[in-house]
Amino acid sequence: MTSQTTVDKASREPQEAAAPAPAKGLRGHPWLTLFSVAIGVMMVALDGTIVAIANPAIQQDLNASLADVQWITNGYMLALAVSLITAGKLGDRFGHRQTFLIGVVGFAAASGAIGLSDSVALVIVFRVLQGLFGALLMPAALGLLRATFPAEKLNMAIGIWGMVIGASTAGGPILGGVLVEHVSWQSVFFINVPVGVIALVLGLVILKDHRAENAPRSFDIGGIVLLSQAMFCLIWALIKGAEWGWGDYKTLGFLGAAVALFVVFALSQKNVREPLIPLAMFRSVPLSAGTVLMVLMAFAFMGGLFFVTFYLQNVHGLSPVDSGLHLLPLTGMMIVASPLAGVMITKFGPRVPLVGGMVCTAVAMFGMSQLDIGTGTLTMSIWFGLLGLGLAPVMVGATEVIVGNAPMELSGVAGGLQQAAMQVGGSLGTAVLGAVMASQVDSKLGDNWKAAELPPLSPQQLDQASSAVEVGIPPVGGNVPPEVAGKIAGVAHDTFVSGMSTAFMVAGVVAVVAALVATLTKRGANAEAGAGAGHI
């Protein structure tokens with residue numbers, strides 16, 4: 001039977017998929033399985049933001065260049081994004097339990113190795129390994145949830161899973177700030193070792209391997225190579241576009257190569273007995289809509305959050321820890337709303353919560369576009385809280401739509417697709433909104449500088465000043481009189497806030513488009529192919 005026929009049959013007859021026997025004791029217990037995978041997922045989600053706080057200390061301690069520090073982040077992001085779908089396929093082939101446990105061990109070991117590293121080159125190498133093992137871990141976690149929970153409880157499980165990711169992502173700067181300030185930058189990585197040991201022990205005791213009856217038996221090596229190259233070219237272009245220039249031949253070359261490789265990959269999938277991503281998956285309009293929705297949600301969320309941290313630290317002068325505390329309404333609302341969103345989606349289906357969530361997200365983005373230099377904590381908290389309230393049902397619902405509309409034997413690929421969509425959306429949002437900010441600063445800084453009657457700048461000085469203002473830093477030299485420094489700070493902050501306002505308006509429009517896409521979603525057609533009732 002061809003893979004396409006398998007997909008079509010699974011879409012028509014989900015009840016024929018193999019369901020695991022009811023769990024007895026600890027092994028395979030649904031809620032304990034959720035707890036076990038959440039510990040591992042928390043490590044990966046935390047590392048997405050916690051390391052940004054440690055980068056300045058790493059740069060100083062290891063005498064690293066700015067390019068080296070950028071590679072600490074970029075190497076991890078590239079390895080994660082490039083490997084996610086392939087890692088999901090590995091889970092489908094060899095079992096999600098084994099893949100998850102290997103991911104946990106590798107991620108914790110790579111984290112410990114980073115903490116022991118005495119050169120930035122070693123840090124970068126082990127960060128890449130972290131990304132590769134994190135890619136094994138994330139889709140496998142979703143595959144285990146899909147196989148363990150019955151359909152009526154799956155949304156609640158995904159809701160708690162999304163809560164862990166959201167809370168870990170938003171809480172990373174707080175934990176990172178405390179560890180770097182009071183312990184060392186190495187502690188940011190060492191903390192993953194005991195967490196990894198706990199996740200491994202729990203996984204060995206609790207997790208049960210589930211194999212779909214028609215799970216893949218071979219690998220599409222050519223497809224893996226093509227997709228990996230395409231994802232690398234796309235993410236690399238998004239990472240380097242701001243530095244090279246969006247019209248630069250290098251940026252356009254990588255984007256063009258990504259498009260060409262994606263086309264060749266898609267064509268190649270039609271001629272492979274067991275393709276990496278069966279294109280028949282995308283005949284499901286809800287699955288395709290869920291994937292696009294995840295990209296757009298991550299675009300607005302991660303792109304917007306990128307500027308919020310600069311706004312809090314460089315405009316309001318808050319420390320990293322205080323900045324994280326100011327984001328607690330966002331974190332707290334995601335923690336509270338994610339499980340509730342799971343209940344709502346189970347009862348009413350995903351469409352209404354998804355549309356409502358993206359409308360809330362759009363309103364929050366438009367509200368955040370009104371933030372200025374003097375905005376108080378209460379006003380910020382209202383918009384941050386509304387953003388968390390909007391994001392929670394989207395994180396849960398879009399994940400359920402993607403994973404639930406894929407056949408059981410492709411649950412790992414679907415999990416990888418969901419995570420890859422988030423990575424692409426986040427990179428795209430940061431790149432596009434960063435370009436919007438740069439454009440606004442370039443067009444307004446010179447006029448604002450002149451209107452403040454500050455000493456004129458040469459074109460080179462104006463370029464240097466623009467680079468600082470794009471992240472909210474006043475370009476003040478060492479010997480500038482206090483009254484002049486105050487004027488420069490005022491101009492820099494006004495210009496930054498103006499650019500941030502435009503960026504949030506763009507993010508709000510993207511959220512509105514996402515709300516329209518959400519109308520195409522519906523409950524997973526293959527959700528019933530998950531688990532039989534266990535200890536629920």
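User: What should helix α15 span at 1.5 Å a residue, and how far apart are its end C-alpha atoms?

Analyst: This is a predicted model, so what follows is read from computed coordinates. Helix α15 covers residues 377-404, and at 1.5 Å a residue its 28 residues should span 40 Å. The end C-alpha atoms are 40 Å apart, which agrees with that expectation.

User: Is α15 mostly covered or mostly open, and how many of its residues are buried?

Analyst: Mostly covered: 20 of the 28 residues in α15 are buried.

User: How do I read a helix pair? At what angle do α5 and α16 pack?

Analyst: Take the angle between the axes, then the distance, then the hand of the crossing. Helix α5 (residues 120-148) and helix α16 (residues 411-451) pack at about 130°, and their axes are 8 Å apart. The crossing of α5 past α16 is right-handed.

User: Which residues of α5 and α16 meet?

Analyst: From α5 there are Met-138, Pro-139, Leu-142, Gly-143 and Arg-146. Their partners in α16 are Ser-411, Gly-412, Gly-415, Gly-416, Gln-418 and Gln-419. Sorted by class, the residues of this contact are 3 nonpolar, 7 polar and 1 charged.

User: How do α2 and α5 cross, and how close do their axes come?

Analyst: The axes of α2 (residues 30-61) and α5 come within 10 Å and cross at roughly 150°. That angle makes α2 roughly antiparallel to α5, since the cut-off for this term is over 145 degrees. The crossing of α2 past α5 is left-handed.

User: What is the make-up of the contact of α2 with α5?

Analyst: The contact has 12 nonpolar, 5 polar and 2 charged residues. On the α2 side they include Thr-33, Leu-34, Val-37 and Asp-47; on the α5 side they include Arg-127, Leu-137, Met-138 and Leu-144.

User: Is Thr-33 buried or exposed?

Analyst: Compare the relative accessible area with the cut-off, which is under 20% for buried. Thr-33, in helix α2, has 2% and is buried. Leaving aside neighbours within four places in sequence, Thr-33 is in contact with Gly-28, Leu-144, Thr-148, Ile-206 and Leu-207.

User: Where is Met-368, and which residues does Met-368 touch?

Analyst: Met-368 is in helix α14 (residues 351-368). At 1% relative accessibility, Met-368 counts as buried. Not counting residues up to four places away in sequence, Met-368 touches Val-308, Trp-383, Phe-384, Leu-387 and Phe-504. Met-368 and Met-380 are 12 residues apart along the chain, with their C-alpha atoms separated by 7.6 Å.

Key
Residues are numbered from 1 along each chain as its sequence is written. This is a predicted model: local features need pLDDT of at least 70, side-chain atom pairs count only at pLDDT 80 or more; totals for chains, interfaces and linings use all residues. Side-chain values use heavy atoms; hydrogens and water are left out. Helices (H or I, at least four residues) and strands (E, at least two) are DSSP runs, numbered from the N terminus. The expected span of a helix is 1.5 Å times one less than its number of residues. Buried means under 20% relative accessible area, exposed over 50%, partly exposed in between (1.4 Å probe, protein chains only). Axes are lines fitted to C-alpha atoms, for helices over the stretch in contact, and angles run from 0 to 180 degrees between N-to-C directions. A crossing is left-handed if the near helix is turned anticlockwise from the far one by less than a right angle, and right-handed if clockwise. Contact means heavy atoms within 4.5 Å. Ala, Val, Leu, Ile, Met, Phe, Trp, Tyr, Cys and Pro count as nonpolar, Asp, Glu, Lys and Arg as charged, and the others, Gly among them, as polar. Angles under 35 degrees count as roughly parallel, over 145 as roughly antiparallel, 65 to 115 as roughly perpendicular and the rest as oblique.
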